[in-house]
Amino acid sequence: MNIYKRLAVLILLFLFIAPQVLQSQEKKPKVALVLSGGGAKGVAHIPVLQALDSLGIVPDLVVGNSMGSIVGALYAVGYSGNRIANIAKQANWNELIGGGTALSKVSVEEKSEFSRYLVELNWADGKLKPGSFLVNDQNLRGFIASLTFPVYNVDDFDDLSIPFRAIATDIVNGKEVVLDRGSLSLAMRASMSIPGIFRAVPYEDTLLVDGGLLNNFPVDVAKDLGADIIIGSDVGSGMVSKEKLNNFASLLFQAGMINSNLKHPENRALCDILIEHTPNLTYSTGDFTKADAIYEQGKKAVQQNLDTLAALSRQLKKFKQRTHQLPDAPNEFVLDTVIYKGMSKTNLALVKARTAIFPNKAYTPEDVLDGVNRAMGTTIFNHITYTPILFEDNRLGIEIKGFERSKHQVKGSLHYDGDYGVGLILNYTGRNIIGNASRTLATIDISEQPKLRVQHQKNFGLDRNWWWRSEAFVQQLRQKVFVGGKYVDDFKYRYHAFDFQINRNLSSLRSYVGFGLKHHNTNFKPTTDPDINDNIFKIRKYSNNNTELYAQYHYNSTNAVFFPIRGTILKSYLGRSLRNDVRMSASDNTFPNLNGSTNNFIRFGIDYQKNIPLSQRTTAIFGASGYFIFEDTLRNNDISFSDYGLNSKYFLGGNLHNPRMESFVFPGLKQGELGVNQFLKLNLGVQIHALNRVYIKPHVNVASVGFDSFSDFAKNAFTAKGKWTNSTETSFLLSAGSTFSYNSLLGPIDFDLSWVNNADKVRFFIGIGVHFNRSN
């Protein structure tokens, strides 16, 4: 009987244990997630990740191409679907994909030349060479590097939270490349390098571009890597129909993707669960500004496949899933080694000073990014990459690699405005031609009213935050003269200035303080010989020279040269005249001929502007400025500065910043229409980004202007009773209007309508293109 009992117990034990042993021996199917390329449409992948998270499905492999590699890599690193959705929503896609360095990230000594030309060509080997790409990817590189920092110590992509593969194309050998190790940020960046749009990525002995050229939906890669169950998220459209190939862009895109599109149906067929987004997407590959809407559209295909995904979730519940989480990364790290590559000896000291990243010091990832941005701000480089280096003994280093612009550059732009007519601007910029860490330029405006600037500047000091600049500037104009707000005459006007200044950067990207010495001269004479037809001023010839010692402070944090949406400008100036000479020949015997010196003066001015974003498309603009001249007492032989010192007066008028430093914008007045000794000015405006490239800016400008001494102006500045059209008594000047702008490939196209008081006229202004810039 005991034998039977024992046998029964053994049978019961077998029946209980056997299923568990069999289950433990059953192998978990390998689940792969494949994300296609598609530019902005790739944002639609994110709801797929969120669905997997909510259902508890953790893939064993993620394969991505182009935008799919960006989304997929972040998921593989350990970011949750919700976290990636927040990253996409908060990203400034205009700055990331729109290319270029923001003005706020440009060194202060380079801001005046930044983004001032329509065309920039490299001059090397005796030839002019255009760039090979349309979009500067520096912001995108920094964005990716920051997000992948938590896995800086991972070299093998199988060691990520989820194993990952990025697809790229070897454009040199015409081969598909599956990236499985090395720098994750480089793999992500290479996978989305659209030829002609983004720069190709150097890799080993070749160049990598977007994987979509050969395999936009790389399901076959996942299959070859042993995937048992493949979830495919596809935002690509495959071959486009004849009816849709009706423009150059669609034809070019189809031609570039033809190999990939031919294998697209096969890859779709390999998916066990195909999440097809294309029928639900109404935006194009370039619509990154519509990321929120694309994200919402991505939810539709997920909802359509939710039952199938839920079934897979139930199937996988009996298996242990891998842990999917973002690894812990230190907030600070100490660099044992800093390696600089791709930087010439003439620039290396400046770059080291600007990055300010040194061995054996603690840094955050943001510190490193800020240092690279400061180096980019020198405008010496096309782009800069930085890669962590993990040594065998766990010491951490960093490699900073620069890709320098050509030593010689030729730039140009076209422009037109209603005051000065049409012109062609040509510029030569040379780096380190005369000394290390230096820049030499020559700019000429070939037009009816030409301008010329020759400038040389050099950084010096241990931290390279000291710099000096010498400049010669000449302009020759046919200046319209207005009296009482009415056009009365033309004068041939020539102005030249020689300036030398030494400055110290307080912040290499925002502010500096310095002092300088300037000599400038104004000459003019009537366009018509007074003996034939005399002019209203009875002047045959006029000349005024001034030598001035000055101190200055500049602060600029605005984000763009044109249509800025945020940032502050603050400028102040304090100058002392050393000598003022006036020579005037009258055409009428009843008017005096002059040849002597005026009384000297001190000038002081401050200029402030604040751009405040009110919404994504609306920016408030507030500005205030005051400029004053404090004259010395007239001596016996002095000529009155107030009456005859035209060269050093302030000139209000126009919609453009005149290269002459004493000129100030005032819509409603013609360029340089009103010369004054003192003024207080307030301007208010709202910049509305109405459409893709269209801006509307209603504005109000009010000023109190004085034509005599500061003491006289101070008494009447806020109770002015004169008329500015008479140019005698302290007066109020008021204009109101609106500027309609289009941000074209040539530069801004501006149409302004403004009413101005006393003259009681509505005046029209048109400006097209990028105009001759001001050097400060």
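Patches are made of residues with over 30% relative accessible area and no salt bridge, with like charges joined within 9 Å. The views below show a predicted model.

**View 1. A patch of positive charge on the surface.** Five residues gather here: K492, R494, K525, K541 and R583. K492 belongs to strand β21, which spans residues 486-507. With a relative accessible area of 45%, K492 is partly exposed.

**View 2. The largest nonpolar core.** This core holds 68 residues. L33, W93, F164, L179, L184 and I231 touch the most other members. Helix α3 (residues 67-77) supplies the largest share, eight residues. In soluble globular proteins, nonpolar side chains tend to be buried together.

**View 3. A356, a residue with positive phi.** Most residues other than glycine have a negative phi. A356 is not a glycine, yet its phi is about 50°. A356 sits in the loop that links α14 (345-355) and β13 (362-363). Its relative accessible area is 29%, so A356 is partly exposed.

**View 4. R464, with a positive phi in a loop.** Phi of R464 is near 60°. The loop runs between β19 (451-460) and β20 (466-483). R464 has a relative accessible area of 21% and is partly exposed. Buried would require under 20%, so R464 does not qualify as buried.

Notes:
Residues numbered from 1 in each chain as written. Predicted model: local features only at pLDDT ≥ 70, side-chain atom pairs only at ≥ 80, totals over all residues. Heavy atoms only, no water. Core = buried A, V, L, I, M, F, W, Y, C linked by side-chain atoms within 4.5 Å. Buried < 20%, exposed > 50% of the residue type's maximum accessible area, 1.4 Å probe, protein only. Helix = DSSP H or I, 4+ residues; strand = E, 2+ residues; numbered from the N terminus. Patch = residues over 30% accessible without salt bridge, like charges linked within 9 Å, V, L, I, M, F, W, Y side chains within 5 Å. Areas by Shrake-Rupley, 256 points an atom, 1.4 Å probe, with all protein chains shown as cover. Salt bridge = Lys/Arg side-chain N within 4 Å of Asp/Glu carboxyl O. Lys, Arg positive; Asp, Glu negative; His and termini not counted. Charge placed at Lys NZ, Arg CZ, Asp CG, Glu CD.
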